[in-house]
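Here's a quick briefing to read with the model open beside you. Have a look at the fold first, then come back to the notes.

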Amino acid sequence: MPEGDTVWQSARRLRSALADKVLTRSDLRVPKYATADLTGRRVLDVTSRGKHLLTRIEGGLTLHSHLRMDGSWKVYADDQRWTGGPAHQIRAILANADRTAVGYRLPVLELLRTTDEHKAVGHLGPDLLGPDWNPETALANLLQDPARPLGEALLDQRNLAGIGNVYKSELCFLLGATPWLPIGALPADRAAQLPPLAKKLLEVNRDRPVRSTTGRRGQDLFVYGRAPRPCLRCHTSIRVADQGDGSRERPTYWCPTCQTGPVPSPHRRTQGGTHPRTSRRTTN
């Protein structure tokens, strides 16, 4: 699933294919921008901001996209067959003389004035892979609501930008805390480790084809997606439960031995997991 490292990789591929080249084809397949024509304009840059992509185009324009769960940008040479999905899933096509970038299943696609980028990404906290990264600000943001569950605080992009559901589960494991632990209850020394640890995980994975948090070949993740297999440390069965506000729940994995703190009530547990309800909505 696209998280900060994946989106950073997408920006790098798009930048390599499009930057400093004139568009020979432009097709935005969303009703609001269906008549917009960017042909003849030069792409100036493509950059990521958390889990958002900003394609800056000559004339003071920015094409803003967000991949969410299923979106992707694919880059093809002229003679390549497009393989990202059926044609009806294509939301954007940007092409120059050498390469074609195709956006599939993009839930967010909008054309902005570059000076208005703040309207799309101004709410985000410090970007774990960006030049604005500030661990002190990120920690202060996370701790401003001490009663909030750790997992929810990590997913809120207003606190720090780039963490998704995989890194949420993996960070909680590495910190030895369940995702339902109020973040204010996290010991101060572990709370201080959180921002630099998150940055380290995303940085080491931004150049890797396969995401890994363990450093072990063939065992890439500690807990995410591993229920009910044994924990790599203690061999207890990994558990899974949904964490969210009831309208946007996400599967959350943890080890009941290696991680301390609250867990969902046992009577709601299924397949080693549960279906908890929480009160805060994650902001992308």
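How many helices and strands are there in the chain? The chain has six helices and ten strands, taken as DSSP runs (helices H or I, at least four residues; strands E, at least two) and numbered from the N terminus. This is a predicted model, where local features need pLDDT of at least 70 and side-chain atom pairs count only at pLDDT 80 or more, while totals for chains, interfaces and linings use all residues. Residues are numbered from 1 along each chain as its sequence is written, and side-chain values use heavy atoms, with hydrogens and water left out.

**Overall shape**
- The C-alpha trace spans about 60 × 35 × 35 Å along its principal axes.

**Packing**
- Some 51% of the 284 residues count as buried (under 20% relative accessible area, 1.4 Å probe, protein chains only).
- Take contacts (heavy atoms within 4.5 Å) between residues at least 6 apart in sequence: 62% of them join residues at least 24 apart.

**Helix H1**
- H1 covers residues 4-18 and reaches 21 Å from first C-alpha to last, close to the 21 Å expected at 1.5 Å a residue (1.5 Å times one less than its number of residues).
- Its buried residues include Val7, Trp8, Ala11, Leu14 and Leu18.
- Aspartate 20, with a positive phi near 65 degrees, follows H1.

Terms used: Buried means under 20% relative accessible area, exposed over 50%, partly exposed in between (1.4 Å probe, protein chains only).
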